[in-house]
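Here's a quick briefing to read alongside the model. Grab your viewer and follow along.

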Amino acid sequence: MSNNWEQNEEIQIFRDYLRIPSIQPDNGYEPCVAFIIKQAESLGLPYKVYRPGGPDQPIVVITWEGTNSELPSILLNSHMDVVAVFPENWTHPPFAAEMDSEGRIFARGAQDMKCIGMQHLATIRALKNAGVKLKRTIHITFVPDEESGGKLGMDKFVHTEDFKNLNIGFSLDEGVASEDEVFSIFYAERFMWRLHLKISGTTGHGSLLHENTAGCKLNYVLGKLMARRQKEVDRLKNNSNLTIGDVMTINLTKINGGVQSNVVPSLIVAVFDIRIPLNVDDEEFLTMIKTWCEEAGGGIEVYLDLREPKVESTKIDSSNIFWTAFKSAFDELGLKTRELVFPGGTDSRYIRNIGIPALGFSPMNLTTITLHANDEYLKAETYLKGIEIYKKIVQKLANA
Ligand code: ZN
């Protein structure tokens, strides 16, 4: 069996792409761009390279024109960058794309998400070779910078005239593998806050009992935030319909302050990573935090150095023709789906933010989730099955 995979053209292309170490934030994009252009040429499709985020932040767009090209087009997006590796913790070199006897291909980006970028191209190749013609134009994009937030990639691109000219009606981007049989479809994302509390307090000798110290105030506010966190932990535990994307997550991620162990500090800074679900009134929650800070004794500066906008979710009902088309592909293939709110952030939020429906989906079920982990891998068999799923989805979307 493994011999078949070795010689499979799609597996070879996938493995070649995985061998490019496009680690974020190092700039390794140019070899990716060259590789993707080579693919476009072999497909006989036109491409363009845009650099809205700067000369080192290329975006490649490959276009397959539809027979009815004035209709809004379909975007198939993937990011070229991958997260860092600690090779000493891997059993295979992370950029060799070695395949074992079970067909497991080991490489950074095997799941997140070089697989999807190449599956998009493989899908177009298969459809073109079969003589299929689609109504809507398909744009296959390869973007940089996703792993550090997409600010220099998709976030920049969606606000350009070049993007507008693509006339996108619907976008498909990454999701996450699922370990069971059911495919996870993501129609929304929580929005992220980075909350800073700059807590001032009475300073003095560490042997006394001063009032209103920064430590006392931190204890009070932290207690309130952790109580709220526990409420979310309990909600998640007690309601099997909820997933992590449906609840608020609050995590204390940094604490700074103090000069010396016997001096009560005048300032402690605490930083929290907070992800807010769509049904929470974030303005009300911020007011609540400010109230807790007053109750703690005041002298606390509350600020958010990152406050993502609340982005409308993509409709997953019959009002969205692309949803109906997308879902019908799974129904016809007899594949089960579950619809979820994505727990982290992807480039889809920038697409949704400008009013374009977007779904996140990775065609990997019965797959151990190894994205961002050591020994990230994808099975050749899963990769090839994914192309079959995309063939159905893409035809449905482009003919919707
Ligand atoms: Zn990703």
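Lys327 and Asp331 are separated by about one helical turn, because they sit four residues apart in helix H9. Their side chains meet in a salt bridge at 3.7 Å, N to O. Keep in mind that this is a predicted model, where local features need pLDDT of at least 70, side-chain atom pairs count only at pLDDT 80 or more, and totals for chains, interfaces and linings use all residues. Residues are numbered from 1 along each chain as its sequence is written, and side-chain values use heavy atoms, with hydrogens and water left out.

**Salt bridges**

- A salt bridge here is a side-chain nitrogen of Lys or Arg within 4 Å of a carboxyl oxygen of Asp or Glu; searching the whole structure turns up 22 salt bridges.
- Lys327 comes out as partly exposed because its relative accessibility is 22%. For burial, the cut-offs are under 20% relative accessible area for buried, over 50% for exposed and in between for partly exposed (1.4 Å probe, protein chains only).
- Arg194 pairs with Asp305 in a salt bridge whose closest N and O atoms are 3.0 Å apart. That pair links distant parts of the chain, with Arg194 in strand E9 and Asp305 in strand E14, 111 residues apart.
- Arg349 and Glu308 bring their side chains together in another salt bridge (3.2 Å, N to O). Arg349 is in helix H10 (residues 348-353) and Glu308 in the loop between E14 and H9, so the pair ties together parts that are 41 residues apart in sequence.
- Arg349 and Glu308 are buried.
- Asp100, Glu102 and Arg104 are linked in a salt-bridge network.

- A note on labels: helices (H or I, at least four residues) and strands (E, at least two) are DSSP runs, numbered from the N terminus.
- Strand E9 (residues 191-200) is largely enclosed by the rest of the structure, because seven of its ten residues are buried.
- Strands count as paired if DSSP finds at least two bridges between them. E9 runs antiparallel to strand E13 (residues 267-276), and ten bridges join them.
- E9 also pairs with strand E14 (residues 300-307), again in the antiparallel sense, over seven bridges.
- Which residues does Lys198 face in E13 and in E14? Lys198 stands opposite Val269 in E13, while its bridge partner in E14 is Glu301.

**The E4-E5-E17 sheet**

- Three strands make an open sheet in the order E4-E5-E17, with antiparallel pairing. Strand E4 (98-99) and E17 are at the edges with a single partner strand each, so one side of each has no neighbour in the sheet.
- E4 and E5 pair over two bridges, and Glu98 stands opposite Phe106 in E5.
- Helix H11 (residues 380-398) packs on this sheet, touching E4, E5 and E17, and its direction makes about 70 degrees with that of E17. Contact means heavy atoms within 4.5 Å; axes are lines fitted to C-alpha atoms, for helices over the stretch in contact, and angles run from 0 to 180 degrees between N-to-C directions.

**Aromatic rings**

- Rings of Phe, Tyr and Trp (its six-membered ring) pair if their centres lie within 6.5 Å; planes under 30 degrees apart count as stacked, over 60 as edge-to-face and the rest as tilted. The structure holds 15 aromatic pairs.
- Phe106 and Tyr377 are a tilted pair, 5.4 Å centre to centre with 45 degrees between the planes. Phe106 belongs to strand E5 (residues 104-106) and Tyr377 to strand E17 (residues 377-379), so far as sequence goes 271 residues apart.
- Phe106 and Tyr377 are buried.
- Phe326 and Phe330 also form a tilted pair, because their centres are 5.0 Å apart and their planes at 55 degrees. They are four residues apart in helix H9 (residues 321-333), so about one helical turn separates them.
- Phe326 is buried at 0% relative accessibility, and Phe330 is buried with a relative accessible area of 1%.
- One aromatic cluster takes in Phe183, Trp323, Phe326, Phe330, Phe361 and Tyr390.

**Charges over rings**

- A charge sits over a ring if NZ of Lys or CZ of Arg is within 6 Å of the ring centre and within 35 degrees of the ring normal.
- The charged end of Arg104 sits over the ring of Tyr377, 5.1 Å from its centre.
- Lys114 has its charged end over the ring of Tyr17, 5.2 Å from the ring centre.
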